[in-house]
Amino acid sequence: MESDQLKSNLAPIVKVENFHLHYYTRRGVYKALNGVNLEIRKGEVLGIAGESGCGKSTLGRAIMGLIPRNAAVVDGRILINGRDYLKPLKDYYKNTKKFKPSKNADVLKKVNNEMSKIRGQEISMVFQEPMTTLNPLLQVGYQIAEVLLYHSPGLLASRRLSRSRAKKEDTKALVKILNENGPNEKFREYLKEKNIMGLEDQILAIWRRKDLHDLKKEQMIEKLCCEPINSFAKNYLETIEKENKLPNFSKIPIFGRIVKRELIKEGYKKASEFLGLLGIPNSDKMVYMYPHELSGGQRQRIVIATAMINSPQLVILDEPTSALDVTIQAQILELIKELKESINSSYMFISHDLSVLAEVSDRIAIMYAGQVVEVGNKDAIFDQPKHPYTQMLMEAIPTIEAHELKGIKGEVPDMRNPPKGCMFRDRCPYAMPICAEKRPDLIKVGEDHYVSCFLYEGGKS
Amino acid sequence: MLLFIPTLLGLTVIVFVLIHIGGTNKLLAMYLSPRLTGAARQQIIAELDQKFHFNDPIYIQYFYWLAQIFQGNWGITNTPIFSGPVTQAIELFFPNTLMLTIFAAILIWLISIPLGVHTAVNRDKPSDNVIRVGSLTFYAMPWYLIGIILIIIFAVWLKILPINGTVNPSLVADLSWYHNGISYPTHILLIDALIHGNLVVAGNAFLHLIMPSVTLALGVMAALVRLMRGTMLETLDQDFVNFARAKGVPEKVVINLHAKNNALLPVITNFGYLVAGLLGGVVVIEDVFSYPGIGMWLTDAMINNDMGGIMGGTLLFGIILVVTSLALDLIYAKIDPRIRY
């Protein structure tokens, strides 16, 4: 109980408040999100469930700022670590008489520029379809290294420089420290003293490998030294290491490519280490492969690695397993669970498959017609679903034992002309007159359990 | 990829059939100067009979003919601007055309790819509309019209570019490597002038190249701009582009590395065939600018019903097209890692 209290008191990383998003299409305004309220807390896995077209993916993409040019932010806000990046879009919508996608695109460009600083660093995303998420013309190593290149070039530079600074006796001493008492404070102090901090993750990546004999590992660690470097490269790498950003001269076409090449080469190494940590065999060869040489499961692992390599605070997983077959699906879920243990990130797991959500999530939010209708702890949602829609969803889950599957009668309302009151009214067995008049708010029905339905309005006081 | 060999053979079959539709006389016309008469003519015909075996069945004759083609015996041409072996005419006139086409191709590539990317990225904005309408206007105009408009503007009104030819004749009047409008050793004036270190002539030759190649480029640019815009718009919607954005890669890199390179794949194919097509299209341009290329010789050949010239041209353009598609295959394999031969 106490720990629950503690958990809910933690500041949310992302807070979505009354968020409205409309798509302007040729056939009318499609109201995709109609007042979403949600928060994602530190270290939790929030599952988002709902049928197709209820706005799950739109919400995920809106948090990332990856919305198309015809999407208008009508109202509300999304706070990422307290900052509302989509505000310019809302301001544009509020101040314009007629919404124009081309004008919206201008504002979107600015939002994109701002957000590209946090994407891949604070928040990142895994898409549904691993077959189309990777660029077919680039080696997967490059695609992973790219994240590091634009967010932590300092790390890459420091890794490269440390290998040239370190001497044979340094690495030998480090192996000795590791053998005696593992990667502790003394280990770090030694690295700091010799100014070879960039070696830390390289050594630990080898040290933590399970597929090698200790002797082999020691040999590999001892080899991480005395790498020659030309003075020109040394010069600019030192600048990059100090400032942790790409220098201005890297924008000069051909010259910039030479600068980046050294960093990208290092990025390949880091990528292969990271893939190794994820338990992917032959990772040192895999980084030189192209996406078409990999299977769907392997590609999804690469995509997940790309999203995770910078240890972002929040990872949005948009149906990461839906396009994979069941055995691969299980492996990917296992991988995500492991990552949850080792990297302290929050996850937003979008899925239409409730059994998958039951497997991974801490809290679950149920969405219907662009709104969150119920949100609560996983157990509360599965054991005591409150909203009629949630209740009917639970009855529609197929199980091994034969039971009569009850579908939900009726259809999602036409989102171009959503009904005035509760969106679920037409399909709800408990519909009351008040449901036709106004929309219900989210009200508390239990410990950290909220539902938007007039059935529970009485319990509010 | 090796399919280009049967394609080439197929091409020769068609050319051979075209020649023989008119009977053996047409073949003779390709190898026999009409000025010859009497005994000399009979003697040459007897020699040709030894080479081509006129009395054998036609499918046997094809192989004898093919053997001659491979040996470089493409017949003779008799036109006011040149008379002599077809291969020699090609050697003299084709380099100029090639230079013009390559120059135009570079212009087309350098102009239309950035424009296509720009229009896709700035979709529906004024600049997009202006570029699209502008390029389509040129596309709708016949080449000679564009050429004449350019001549009026830049040569007649502004007087900054020369009207016709490859070089100002007074500059080359007493050069050792230039006779009768033909330069040596490569027959491309611009390159020859650079080889001989004569920068004045090279500059002048370059000025003469500008208008014809700009005309060529303007005429076909719209096709490439629109294609690039279309594929770019399609690619910008792809998942991997969004994923690149989700990684926090700056928008400029997303567009120029991730989106553009993928959008270029179909454009490259079209560009290759467009350039191969340009080699045929220069016939008109060379006439407008009196540029001594293969087009000028071939128009002459057509007007004078010169079999050697017409068939030599057909064979040459066919070979160019086949070679282009071979080159495209190779380039494609280089760019797209999914393609292996």
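Begin by selecting A:Asn18 in this predicted model, a residue that is partly exposed, with a relative accessible area of 34%. Most residues other than glycine have a negative phi.

Next, select A:Cys226, where phi is near 55°, again a positive value in a residue other than glycine. A:Cys226 sits in the loop of chain A between helix H11 (214-222) and helix H12 (231-243), and this residue is partly exposed, with a relative accessible area of 43%.

Staying in chain A, move to A:Glu262, which is found in helix H13, residues 253-277. Is A:Glu262 buried or exposed? With a relative accessible area of 17%, A:Glu262 counts as buried, because the cut-off for buried is under 20%. If you display its surroundings and leave aside residues up to four places away in sequence, you will find that A:Glu262 touches A:Arg160, A:Tyr236 and A:Leu237.

Now colour the two chains separately and turn to the place where they touch. The contact takes 34 residues from chain A and 26 residues from chain B. The size of an interface is often given as the accessible area lost when the parts come together. Here chain B and chain A bury about 2,500 Å² between them, with 60% of that area on carbon and sulfur atoms. Between the two chains there are 12 residue pairs in polar contact, both residues having pLDDT 80 or more, and the count of salt bridges is four. To see a salt bridge for yourself, select B:Lys247 and A:Glu146, whose closest N and O atoms are 3.0 Å apart.

Which elements give two or more residues to the side of chain B that touches chain A? They are helix H11 (239-246) and helix H12 (251-288) of chain B, and of these H12(B) gives the most, with seven residues. Sorted by class, this side of chain B has 11 nonpolar, six polar and nine charged residues.

The next stops are aromatic rings, of which a search of the whole structure finds 20 pairs over all chains. Select B:Phe16 and B:Tyr62, which form an edge-to-face pair, 5.3 Å centre to centre and with 70° between the planes. This pair links distant parts of the chain, as B:Phe16 is in helix H1 (residues 4-21) and B:Tyr62 is in helix H4 (residues 58-70) of chain B, 46 residues apart. Both B:Phe16 and B:Tyr62 are buried.

Then select B:Phe93 and B:Trp297, a stacked pair with 6.2 Å centre to centre and 10° between the planes. B:Phe93 belongs to helix H5 (residues 86-121) and B:Trp297 to helix H13 (residues 294-303) of chain B, so that distant parts of the chain, 204 residues apart, are linked. B:Phe93 is buried, and B:Trp297 is buried as well.

For the last stop, select B:Tyr184 and B:Pro185 and follow the backbone between them, where a cis peptide bond joins the two residues and omega is about 5°. B:Pro185 is placed in the loop between strand S4 (182-183) and helix H9 (189-195) of chain B. Most peptide bonds are trans.

Note on methods: Residues numbered from 1 in each chain as written. Chains lettered and ligands numbered in written order. Predicted model: local features only at pLDDT ≥ 70, side-chain atom pairs only at ≥ 80, totals over all residues. Heavy atoms only, no water. Helix = DSSP H or I, 4+ residues; strand = E, 2+ residues; numbered from the N terminus. Buried < 20%, exposed > 50% of the residue type's maximum accessible area, 1.4 Å probe, protein only. Contact = heavy atoms within 4.5 Å. Buried area = accessible area lost by both parts, 1.4 Å probe. Salt bridge = Lys/Arg side-chain N within 4 Å of Asp/Glu carboxyl O. Polar contact = N/O pair within 3.5 Å; in protein donor to acceptor, adjacent residues only side chain to side chain. Nonpolar A, V, L, I, M, F, W, Y, C, P; charged D, E, K, R; others polar. Phe/Tyr/Trp six-rings, centres within 6.5 Å; stacked < 30°, edge-to-face > 60°.
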